[in-house]
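Open the model in your viewer and keep the selection tool at hand. This tour goes from pockets to surface.

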Amino acid sequence: MTPFWQRFRVVAIGCLLGAVSLAAIAAVVLLVVVSVPDGLGLLLTVAGASFPALFYAGVVLRLDRYEIEPLRAVIACFIWGAVGAILLSLAGGLAF
């Protein structure tokens, strides 16, 4: 394969994974919005989940001062953690 096609394949796979991730995030957001009957409860839920995540992100970035990870990778890890936790907890709750 030529370098162009190798790069094209990597970009295409990245776009496909990004589209699947966005669809999963949209599904989770839709489930959360539908499950919370009032807007205040949704606001409190989002705030209650966001503040600890921001605190832990600060701790991770502070401890990793000398070998800095790309910000894109850190954000992707936190998003995957949030989406994966919600999807697995929903699946576990429905199963049990």
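Predicted model: local features only at pLDDT ≥ 70, side-chain atom pairs only at ≥ 80, totals over all residues.

The elements that give two or more residues here are α1 and α3. The volume of this second largest pocket is about 220 Å³. Colour the lining by residue class: 9 are nonpolar, 2 polar and 1 charged.

Next, the largest pocket. Its volume is about 670 Å³. Select Ala 49, Ser 50, Phe 78, Ala 82 and Ile 86: of the 21 lining residues, these are the closest to the pocket's centre. Now show the helices. α1 (3-35), α2 (39-63) and α3 (71-95) each give two or more residues to this lining. Which element gives the largest share of it? Select α2, which supplies 9 residues. Colour by class again: the lining of the largest pocket has 19 nonpolar residues, 2 polar and no charged.

Last stop, the surface. Select Phe 55, Tyr 56, Val 59, Val 60, Leu 63 and Phe 78. Together they make a nonpolar surface patch of about 610 Å². α2 gives the largest share of this patch, 5 residues. Tyr 56 is in helix α2. Keep Phe 78 selected: Phe 78 belongs to the patch and is also among the residues closest to the centre of the largest pocket.

Terms used
Residues numbered from 1 in each chain as written. Heavy atoms only, no water. 1 Å grid on protein atoms, 1.4 Å probe; cavity = no way out; pocket = protein on both sides within 12 Å on 5 of 7 lines; lining within 4 Å. Points joined across faces, edges and corners; volume = space filled by probe spheres on them. Helix = DSSP H or I, 4+ residues; strand = E, 2+ residues; numbered from the N terminus. Nonpolar A, V, L, I, M, F, W, Y, C, P; charged D, E, K, R; others polar. Patch = residues over 30% accessible without salt bridge, like charges linked within 9 Å, V, L, I, M, F, W, Y side chains within 5 Å. Areas by Shrake-Rupley, 256 points an atom, 1.4 Å probe, with all protein chains shown as cover. Salt bridge = Lys/Arg side-chain N within 4 Å of Asp/Glu carboxyl O.
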